[in-house]
Amino acid sequence: MIFGDLATFQMVAVFAFIIATLVLYASEKMPLELTSFWTICALLLFFNFFPVLDSEGNNELSAKVLLAGFANPALLTVLALLVLGEGLARTGVLDSVAVWVHESAKGRPAVAIAIALLVVVLTSAFLNNIPVVVIFVPIMQALAVKIGRPASRYMMSLSFAAILGGMTTLIGSSTNLLVSSALFKLGEPGFEFFSFTVPGLVVASVGLIYVIVVQPMILPDRQSYAAESSGQTNKQFQAQLKIIAGSKYEGMAPVSGFFPDLKGVTVLMILRDEERFLPPYDEIVLQDGDVLVVAATREVLADLLSDEPTLLRPDLANAPAWKRDDVADAWRRGEQTLAEAMIKPDSHYIGKTIKQIDFRRDTQAMIIGVERRSSMRRHRVTETPLEAGDILLIQGETEEVENMRGHRELVLMEWSAANLPKPFHAHRAAAIFGGVVLAAGSGFLPTDVAALTGAAMMVLSGALTLDKALRALDQQIIMLIAAALALGAAMEETGGAAFLSQQLLAIMGDASPALVLSGFFLLVACLANVLSTKATAVLFTPIAVAVAHETNMPVEPFAVAVVFAANCSFASPVGYQTNLLVMAPGHYRFLDFIKFGSPLILICWLTFSLFAPWWYGI
């Protein structure tokens, strides 16, 4: 316990650290991770010289306490889930969900996004928000690509929808469970499973109107340089497909002269033995041995490769089954990369066909498409003479593609390189993630143990390489969470949060119980965006009980206010882990959460303030 002027000085200093940190985050004058690092250092130095002493003379804010965030189970769980999410993305296991959502919306972008977000809300009511967001990040990215919009329009809405869904049941968020547990410790009845479902649904429903309708219109259009350059464009490559017996494309029939199942693909010509067929195609059923000369973007071609790797390999069309299996095994062993390379003006490839240059033997990679700005020829791609400036779409193992730097005939466009999904590992990746969710959701294993084990299994199973797993660990997230936990600990031990609650009661004076409840909600919601939601919930549950007793009010509405307000961590990426998870894929800045999350806090506050007094009869 601390007393006197030193206590006031320490509390004011913590408030100053919080304000300075938030200003630096918002201004982005320094990288977020550097700001977080200096915040931790400043706290370490300050409380080394001005310790918060307990009754036995021990420093309550020692280095061990302030640095505990780096070993916090919540941080380790987030990092493990990032690895799991990377494994799901690399294997393409969630593409079918994106396709289902897109098809259910019948091509209407707003409806597709709305369906996805509603599924997130429903799922978050019964599962921890973090794995739900991890599951849906690649789905929302795929949906954004399919409707031709940047992911930044939807990623923040994804996090907010998960948080709103988590407000509706006891197990919807770990924050809810913490509040219930704290009530038990204080001798108050805890929550039952659906104790606050009705007010939670009201608050979530009103908030969703903003999240689904308004946010996609006002969020910024941002796209990473890699995404812009790696092919999220309309550049069309000419490629050659050969139908193999047993392929799912064998027996495909046209509709109104076109092949609707080949989505995003323009069939320029069909070759059957020596006969050529040009569009529109009438009564031509695809059969074994047919060669299709097509035009498509690299995304569409990548999808075709992931779905059926031998489709774009004419050299494998007549190969025996064991040969095709060898190619599949090679894909299983190594990461496959898709990249673009331009033919140099003095290249010896000029005037020769893909067959003649024997590219496969020279580079161990293969050409699956050619982009020529001047024309789109109706000839076999493998028999079309190459020209200077032609862009070749190349597939190969990552090491093979990297070895093409400095190639004497080509200029490798390294910014265009992107890894292909590993569809052979989709089932094992899905099984691993499903096992993590089942083990954590059922209580068989703690969430952190299940997540860390799952991350290790994702690498050991071959679904994700160790290099890709390490790259998935975001250093911004590590530093942001560690700094937030350190600030939360400092605010709790110096009495800063308790001081704010006391000031609230003093300001409210003789206000009605409904106004006291509303003001309490707003205070907790604001602090939830500075502290972690868990720290806010644990810290303010005893205060909620004290305020209720002091005003002769029932405890339940104040405890529910803590649940909802602590979950209102919309105005800061450090408030809740799901905000951190969408920060990188959405290319958001710290200030974006303040601008686009603050209105949602006000919406939830006003909705709760109007509904709760009527619902609880106060």
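Visitor: How many helices and strands are there in the protein chain?
Guide: This is a predicted model, in which local features need pLDDT of at least 70, side-chain atom pairs count only at pLDDT 80 or more, and totals for chains, interfaces and linings use all residues. Residues are numbered from 1 along each chain as its sequence is written, and side-chain values use heavy atoms, with hydrogens and water left out. Helices (H or I, at least four residues) and strands (E, at least two) are DSSP runs, numbered from the N terminus. For the protein chain this gives 26 helices and 8 strands.

Visitor: What percentage of the residues of the protein chain count as buried?
Guide: Buried means under 20% relative accessible area, exposed over 50%, and partly exposed in between (1.4 Å probe, protein chains only). Of the 618 residues of the protein chain, the buried ones make up 53%.

Visitor: Is Thr21 buried or exposed?
Guide: Thr21 lies in helix 1, residues 4–27. Its relative accessibility is 4%, so Thr21 counts as buried.

Visitor: With which side chain does the side chain of Thr21 make a polar contact?
Guide: Contact means heavy atoms within 4.5 Å; leaving aside neighbours within four places in sequence, Thr21 is in contact with Thr35, Thr39 and Leu487. A polar contact is a pair of N or O atoms within 3.5 Å; within protein, one must be able to donate a hydrogen and the other to accept it, and residues adjacent in sequence count only if both atoms are side-chain atoms. At 3.0 Å, the partner of the Thr21 side chain is the side chain of Thr39.

Visitor: Which element gives the largest share of the lining of the second largest cavity?
Guide: On a 1 Å grid over the protein atoms alone, a cavity is a set of points where a 1.4 Å probe fits but cannot get out, and lining residues have an atom within 4 Å of a point. Thr21 is one of the residues that line the second largest cavity, and Leu487 and Asn529 are among the others. Two elements give two or more residues to this lining, helix 1 and helix 20 (475–493). The largest share, 4 residues, comes from helix 1.

Visitor: How many residues of that lining are charged?
Guide: Ala, Val, Leu, Ile, Met, Phe, Trp, Tyr, Cys and Pro count as nonpolar, Asp, Glu, Lys and Arg as charged, and the others, Gly among them, as polar. The lining of the second largest cavity has 8 nonpolar residues and 2 polar ones, and the number of charged residues is none.

Visitor: Which backbone oxygen lies 2.7 Å from a polar atom of the side chain of Thr494?
Guide: Thr494 is in the loop between helix 20 and helix 21 (496–508). With a relative accessible area of 6%, Thr494 is buried. The oxygen in question belongs to Ala490.

Visitor: Why is the pair of Phe46 and Phe47 classed as it is?
Guide: Rings of Phe, Tyr and Trp (its six-membered ring) pair if their centres lie within 6.5 Å; planes under 30 degrees apart count as stacked, over 60 as edge-to-face and the rest as tilted. The count comes to 16 aromatic pairs. The rings of Phe46 and Phe47 have centres 5.0 Å apart and planes at 90 degrees, so this pair is edge-to-face.

How values were computed. On a 1 Å grid over the protein atoms alone, a cavity is a set of points where a 1.4 Å probe fits but cannot get out, and a pocket is an open set with protein on both sides within 12 Å along at least five of seven lines; lining residues have an atom within 4 Å of a point.
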